[in-house]
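Q: Please take a close look at one part of this model and follow it out to its surroundings. Keep it brisk, and state each cut-off once.

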Amino acid sequence: MQITLQKSEVLKTSSVKITGSKSESNRLLLLKALYPVFNLENVSNSDDSNLMTNALVTDADVVDIHHAGTAMRFLTAFFSTQEGREVTLTGSKRMKERPIKILVEALQALGADITYAENEGFPPLQIKGKKLTKNKVSLAANVSSQYISALLLIASKLENGLELTLEGEITSVPYIKMTLSLLDQIGVETSFDENVITVKPSNNVQEAKTLVVESDWSSASYYFSIVALSHIGTEITLSSYKEASLQGDSVLVDIYKHFGVEVTFGENAVTLKKVRLNVAPLELDLKNAPDIAQTIAVTCFAMGISCDLTGLHTLKIKETDRLVALKTEIEKLGGDVEITDKSLYLKPSDSINEMVSIATYNDHRMAMAFAPIALRAPVVIEDAMVVSKSYPTFWEDLKAIGFKISE
Ligand SMILES: O=C(O)C1=C[C@@H](OP(=O)(O)O)[C@@H](O)[C@H](O)C1
Ligand SMILES: C=C(OP(=O)(O)O)C(=O)O
């Protein structure tokens, strides 16, 4: 389904409740499968979290997790430890192009029985669950932090815990810290010194408790972009958010100051307000927050300023090659973009082509990142329901704050 966004203006004051963090939810769903004593609230209603929930309870021989990267990586580790369980773990055409060798080799080194059903290094995987007896492994840390989180999530169930040595520059560090914080919240002991992470074995976690998932900061990024592109005084309140977040994408609060967006935290909520119009060119290293790269590039394009984004080496192996997708779609709108395999440079521009049809490449973030363009020029978004991967009610929520959207 494609949708048309007419040139829009958002309400002067509005509020939006965003679903729970997909990253926190997928970790906690797995941990709850290992330690069923605790309860979860505000779990993400995203496709990826629903797929994770179902995969953890099904007894099917083939588990298909579609486009869900974290689910693919976390479940590879989970199924490897489920004694007696045999499963083929597969995904979408794109998932079969997203590398998983580093994780598979680390699990094999711990004793796992995993083979490739099609191409070496990529899903689908045939996994025969068994008791993993080893407890020390090294792996490359510069490709995806999801491999590291996957190992950490099962680590406390290994008889001797785990000692993980991270090789090379560590990418997406806040996601590793999120995993460790959640383990800490359920009472698992961990340490992270230099490049070595240890997790103590723990068969049972302490008392039953309720863990509340904070809402998704990557999803919040689209509202930062919307406020940045709105009139002075425009305010949007988002819930449920807190100042001390586990999510690295909460760095948006600092980044969007640059675009004249002022942030205040209230009880369980954050209010974004447009306070300044003039904006200078932007230079930013996003190796700790790769999922907001598309949002930021589109904000800069719509504001007519240049940006020089680095630390983007993980973008090529996400839902699509996000560097190529950004260049292609921004250039359709009239921008000028240079990319390498780890950076993006956008030249300043002073106009936006109208009624351009933005391709989304099965990537929720392409659809959502380009939506704020409608505050400057009418735009068409192709395959708009792709947003359900992380934020199923995105279009309804935009309509409610004033976007003019039609099918
Ligand atoms: O652990 C997680 O929840 C995630 C880690 C990041 O991946 P990489 O570590 O591959 O960059 C991020 O892009 C992804 O959306 C979610
Ligand atoms: C990269 C993402 O997800 P995943 O790797 O879990 O598919 C994302 O949500 O931007």
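A: Start at the end of helix α4: Gly 111 follows it, with a positive phi near 115°. This is a predicted model, in which local features need pLDDT of at least 70, side-chain atom pairs count only at pLDDT 80 or more, and totals for chains, interfaces and linings use all residues. Residues are numbered from 1 along each chain as its sequence is written; chains are lettered from A and ligands numbered from 1 in the order in which they are written.

Helices (H or I, at least four residues) and strands (E, at least two) are DSSP runs, numbered from the N terminus. Helix α4 spans residues 101–109, and its buried residues are Ile 102, Leu 103, Val 104, Ala 106 and Leu 107. Buried means 20 or more other C-beta atoms within 10 Å of the residue's own; exposed means 12 or fewer, and partly exposed lies in between, with C-beta atoms placed from the backbone. The buried set packs against α3, β6 (113–116), β7 (125–128), β8 (136–140) and α5 (145–155). Contact here means C-beta atoms, placed from the backbone, within 7 Å.

Take the partners in turn. The loop between β6 and β7 holds Pro 124.

On the α1 side, Ser 23, Asn 26 and Leu 30 make the contact; on the α3 side, Thr 70, Ala 71, Phe 74 and Phe 78 do. By class, that is 4 nonpolar, 3 polar and no charged residues. Ala, Val, Leu, Ile, Met, Phe, Trp, Tyr, Cys and Pro count as nonpolar, Asp, Glu, Lys and Arg as charged, and the others, Gly among them, as polar.

Then α5. Ser 156 sits in the loop between α5 and β9. It is buried, because 23 C-beta neighbours lie inside 10 Å. Beyond four places in sequence, Ser 156 is in contact with Gly 161, Leu 183, Val 188, Val 199, Lys 200, Pro 201 and Ser 202. Its C-alpha is 9.9 Å from that of Val 205, 49 residues apart along the chain.

An unreviewed UniProt entry places "binding site" at positions including Ser 23, Ser 145, Ser 172 and Asp 291. UniProt positions follow the numbering used here, feature names are shortened, and annotations may be inferred rather than shown by experiment. Ser 172 lies in the loop between β9 (162–167) and α6 (173–185). Ser 172 counts as buried, because it has 25 C-beta neighbours inside 10 Å. Setting aside residues up to four places away in sequence, Ser 172 touches Ser 145, Asn 288, Pro 290 and Thr 314. Asp 291 is in the loop between β16 (282–285) and α9 (293–303). Asp 291 is buried too, with 26 C-beta neighbours inside 10 Å.

How values were computed
Contact = placed C-beta atoms within 7 Å.
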